[in-house]
Amino acid sequence: MTKRRGEAVSDHTYKLTELVGSSPDGVESAVNNALARASKSIRNMRWFEVKEVRGHIDEGQVAHWQVTIKVGFTLED
């Protein structure tokens with residue numbers, strides 16, 4: 001265990017996986033949808049990084065958002 005700014009912080013090894021979430025309600029909802037679904041089968045998720053944002057256009061308006069995220073989770077002992 002290492003110390004950072006007076007606190008004990010565990011040394012972790014992370015595994016990465018990519019997820020794609022979607023939502024008609026925006027980027028944040030798309031990310032939350034991806035994380036909520038992934039949490040049913042992936043434990044110990046710790047962080048995410050947005051890699052790509054796409055959208056579907058219908059009649060000149062944004063109809064749907066699609067977000068690709070990279071998720072880091074700690075490996076179990």
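How many bridges join strand β4 to β5? In this predicted model, strand β4 (residues 45-58) and β5 run antiparallel and are joined by 12 bridges. Within this pairing, F48 has V71 as its bridge partner in β5. The two strands form a hairpin with two residues between them, and E59 in the turn adopts a positive phi of about 55 degrees. Strand β5 (residues 61-74) also pairs with β3 in the antiparallel sense, over 10 bridges; here G72 in β5 is the bridge partner of L16.

Strand β3 spans residues 14-23 and includes S23. This residue counts as buried because its relative accessibility is 2%, under the 20% limit. A polar atom of the S23 side chain lies 2.9 Å from the backbone nitrogen of D25. Beyond residues up to four places away in sequence, S23 touches S29, A30, N33, H64 and W65.

Three salt bridges were counted. One of them links R43 with E76, the closest N and O atoms being 2.7 Å apart. R43 lies in the loop between α1 (27-38) and β4, whereas E76 belongs to the segment after β5, so the pair ties together parts that are 33 residues apart in sequence. R43 is exposed at 55% relative accessibility, and E76 is partly exposed with a relative accessible area of 49%.

A salt bridge is also formed between K51 and E49, with the closest N and O atoms 3.5 Å apart. Both K51, at 42% relative accessibility, and E49, at 34%, are partly exposed. In the salt bridge between R54 and E52, the corresponding distance is 2.3 Å; R54 is partly exposed at 28% relative accessibility, as is E52 at 40%.

Note on methods: Residues numbered from 1 in each chain as written. Predicted model: local features only at pLDDT ≥ 70, side-chain atom pairs only at ≥ 80, totals over all residues. Heavy atoms only, no water. Helix = DSSP H or I, 4+ residues; strand = E, 2+ residues; numbered from the N terminus. Buried < 20%, exposed > 50% of the residue type's maximum accessible area, 1.4 Å probe, protein only. Polar contact = N/O pair within 3.5 Å; in protein donor to acceptor, adjacent residues only side chain to side chain. Contact = heavy atoms within 4.5 Å. Pairing = 2+ DSSP bridges. Salt bridge = Lys/Arg side-chain N within 4 Å of Asp/Glu carboxyl O.
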